[in-house]
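Hello,

Here is the structure I promised to pass on. My notes follow below it.

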Amino acid sequence: MQTVSLALCSEMETDPCCEEHTDPAVEPTEPELGEAISEFADKDSHTELACGPPEEGEELQMKEQVETQSCAGASKSTEIKGTSNPEREDGETECKERRKLKKTNSWKMVRFQDPSEDDDVLERDSAAESLFPEYAMEEWTSSTFEELFTAEDWQDITEDRLLRKKVLEPVAPHSLCPTWGQEVTVKMQCVLEDRTVVEKDGKLVFVIGEGDVNQALEECVISMQKGEITLLLADSQYAYGLLGREPDIPAWAPLLYQLQLLDIREKPDPLTLPIADRIRIGNQKRERGNFHFQREEYSMAARAYCMALDVLTTRSQDGSNGGVEAEEEEVQDYRVKCLNNLATSQLKLEQYDEALHTSRDVLTLEQNNVKALFRAGKLLSDKGEYKEAMEVLKKALKLEPATKAIHVELSKLVKRQSGGKETKEWKAKPAEVLGDNIAPFLIPSKKKPSGISWKFILGALVVALGSLVTSVILTARH
C-alpha cells in the first residue's frame with residue numbers, strides 16, 4: 001500500500017557550506033544556492049536550507065524533490081513515499097483514483113492512502129468519511145459559497161466579512177474560551193466548494209498565535225467555546241491565498257470547515273516535556289517554517305524557526321540536561337538545521353547582522369559547519385572585516401576545497417583588500433596541492449614580463465664594457 005502525502009519539505013537545511021541567500025552548499029537536496037553555490041542535502045528526508053552569501057542576484061531557493069503524477073483535469077504534484085505506483089491500464093488517464101483519508105495529528109492534516117483491492121473503496125468526498133455525520137446540513141453538502149458569504153444567519157468573525165461562522169451546537173454561555181498562547185485540541189474537517197475533502201483531523205493540537213495552522217483556524221477557534229460545534233467559511237486570504245497548497249487546494253480557493261473545540265489548556269513549558277516530545281514538537285514547527293519558506297513567506301518562516309529553537313533544548317526545569325547522550329546529539333543536530341534555516345530566512349529579509357549572529361550560533365554548536373562558515377565569511381567580508389573573513393573562508397575551503405562558491409568569495413575578498421584592483425591574475429591553488437597547510441590559498445599567477453628582458457640588457461652592458469677595456473689596452477700599447 002502506498003501513501004501519498006502533501007508535498008512539503010521537512011528540512012530545509014541543505015546547503016553544505018552556506019545557507020540560503022548566498023552560502024555554498026555541498027550536496028544538493030532541497031534549496032538551491034545561486035550560480036556559484038552548490039547545495040548540501042540532509043539524508044533523513046529533511047531539507048536544510050542551502051547556504052549562500054547574500055550577494056546581489058545570488059540567492060538560494062528551496063526546491064522540493066518530489067515525484068509528480070498528473071491527473072486529468074488537474075496538474076498537482078505530490079510526494080510519493082514507499083514503492084512505485086501501482087500499475088494502471090494505459091487507457092486510464094483520469095485521476096479519479098478513489099482514496100481513503102488517513103488522519104494525522106500533524107499540521108499537515110491530510111494523508112491520502114491508495115486503497116488495496118481488499119479494502120472498501122471510498123471517494124475522497126464521501127459522506128461516510130465525515131467526522132460529523134449528524135451535521136450533514138445543506139450548508140455543508142450543497143450550498144454555494146457565494147450564498148454562505150451573504151447569508152444572514154452567519155456571524156462575521158472579521159470586519160471584511162471574509163471569515164464567517166455558523167454555530168451548529170452552542171454551549172453554556174459561561175463555557176471556557178481560549179486565548180492567545182493557549183494550546184487547543186480541535187476536531188476538524190475541511191472541503192472545497194465542490195465538497196472535496198482536503199483536510200481532516202479528529203484530534204488536531206496547536207497553539208493559538210504561533211502559526212501552527214492557517215489564520216482562518218486561529219481566528220475562528222479563539223471565538224469558540226469549549227464543546228462548541230461550528231461551521232467556518234474562510235476566504236482564500238485567510239487560508240492558502242494565491243499559491244494554494246499542492247496537491248489539493250487550488251489558488252484563491254475558499255474553504256468550508258466543520259469544527260469542534262474539544263479541549264483548552266495552557267501551553268506546556270518545553271523544559272517539563274520529555275526530550276522525545278520536544279524533538280517532535282520542534283520538528284513540526286521547523287517543518288512549518290520550511291512550508292512558509294517555500295512560499296517565500298520569510299517573516300513567518302523565521303518566526304517558526306525561532307519557536308522551534310525554543311522547544312529544541314536538552315535543558316530541564318532544574319537547569320540540568322535531561323536526556324541521554326543520543327537524544328542530546330539529536331537535539332543539537334536539529335538545532336543546527338533550524339539555525340541554518342533561520343539565517344537563510346534572515347538573509348532573505350536582508351537582516352544581515354542577525355544572520356551573522358545566527359551563523360555564529362551554528363558554529364558554537366558545530367565549529368566545522370561549512371554552510372555557517374561560508375555565510376559568516378561572506379557577511380564579514382561585506383561588513384569590511386576582511387581579516388576575520390579571510391580566516392573563516394580559509395577554514396571553509398579547507399573543509400570543502402572543491403566548492404566553487406568559496407573560491408569565488410575568496411577571490412572577491414582579495415579584490416576588496418587590494419582596493420578594487422583587477423584580480424584576474426589571481427587564482428586558487430589546486431585542491432590536491434592544499435594539504436593541511438592551505439594558506440594563503442590564493443597566489444599570483446606567473447605572467448610574461450613586458451618590454452626588453454633584463455638578461456638582454458645585462459649582456460649588452462658586458463659586451464660594451466669588454467669592448468671599452470680592449471680599446472683602452474690597445475691604446476696603451478701604442
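Please keep in mind that this is a predicted model. My notes start at the surface and then move to the salt bridges, the helices and the backbone.

**Surface patches**

Helix α2 covers residues 145-150, and E146 sits in it. E146 has a relative accessibility of 64%, over the 50% cut-off, so it counts as exposed. E146 is also one of the residues in a negatively charged surface patch.

F456, I457, L458, L461 and V462 make it, and it covers about 520 Å² of surface. I457 belongs to helix α12, which runs over residues 454-477. I457 has a relative accessible area of 41%, so it is partly exposed.

**Salt bridges**

The model contains 20 salt bridges.

Take R245 and E199. Their side chains form a salt bridge, with N to O at 2.7 Å. This pair connects distant parts of the chain, 46 residues apart. R245 is in the loop between β13 (229-234) and β14 (255-266), while E199 is in strand β12 (residues 197-207). Is R245 buried or exposed? R245 is buried, because its relative accessibility is 3% and the limit for buried is under 20%. E199 is at 0% relative accessibility, so E199 counts as buried too.

Next, E210 and K285. The closest N and O atoms of this salt bridge are 2.6 Å apart. E210 lies in the loop between β12 and α3 (215-221), and K285 lies in helix α4 (residues 275-294), so the bridge ties together parts 75 residues apart in sequence. E210 has a relative accessible area of 12%, so it is buried. K285 is buried as well, because its relative accessibility is 6%.

Then R295 and E297. These side chains meet in a salt bridge of 3.3 Å, N to O. R295 counts as buried at 14% relative accessibility. E297 is partly exposed, with a relative accessible area of 24%.

The network has four members. Salt bridges link E183, K226, D263 and R265.

How many residues of α8 are buried? Twelve of its 13 residues are buried, so the rest of the structure largely encloses α8. The helix spans residues 370-382. Its buried residues include the charged-type side chains K371, R375 and K378. Among the others are V370, L373, F374, L379 and L380. From first C-alpha to last, α8 reaches 18 Å, close to the 18 Å expected at 1.5 Å a residue.

Helix α5 takes in residues 298-311. Its 14 residues should span 20 Å at 1.5 Å a residue. The end C-alpha atoms are 20 Å apart, so the two values agree. Buried in α5 are Y298, A301, A302, A304, Y305, M307, A308, L309 and V311.

**Backbone points to check**

What kind of peptide bond joins E246 and P247? The bond is cis, with omega about 5°. P247 is in the loop between β13 and β14. That loop also holds R245, whose salt bridge with E199 is described above.

Two residues other than glycine have positive phi. R161 has phi near 60°. R161 is located in the loop between β9 (155-156) and β10 (163-169). Its relative accessible area is 37%, so R161 is partly exposed.

The other is E296, with phi of about 65°. E296 is in the loop between α4 and α5. E296 has a relative accessible area of 52%, so it is exposed.

**Where to look first**

Then turn to α8, with twelve of its 13 residues buried. Finish with the cis bond between E246 and P247.

Best wishes

Technical notes. Residues are numbered from 1 along each chain as its sequence is written. This is a predicted model: local features need pLDDT of at least 70, side-chain atom pairs count only at pLDDT 80 or more; totals for chains, interfaces and linings use all residues. Side-chain values use heavy atoms; hydrogens and water are left out. Patches are made of residues with over 30% relative accessible area and no salt bridge: like charges are joined within 9 Å, nonpolar side chains (Val, Leu, Ile, Met, Phe, Trp, Tyr) within 5 Å. Accessible areas come from the Shrake-Rupley method with a 1.4 Å probe; for residues, only the protein chains shown count as cover. The place of a charge is taken as NZ of Lys, CZ of Arg, CG of Asp or CD of Glu. Helices (H or I, at least four residues) and strands (E, at least two) are DSSP runs, numbered from the N terminus. Buried means under 20% relative accessible area, exposed over 50%, partly exposed in between (1.4 Å probe, protein chains only). The expected span of a helix is 1.5 Å times one less than its number of residues.
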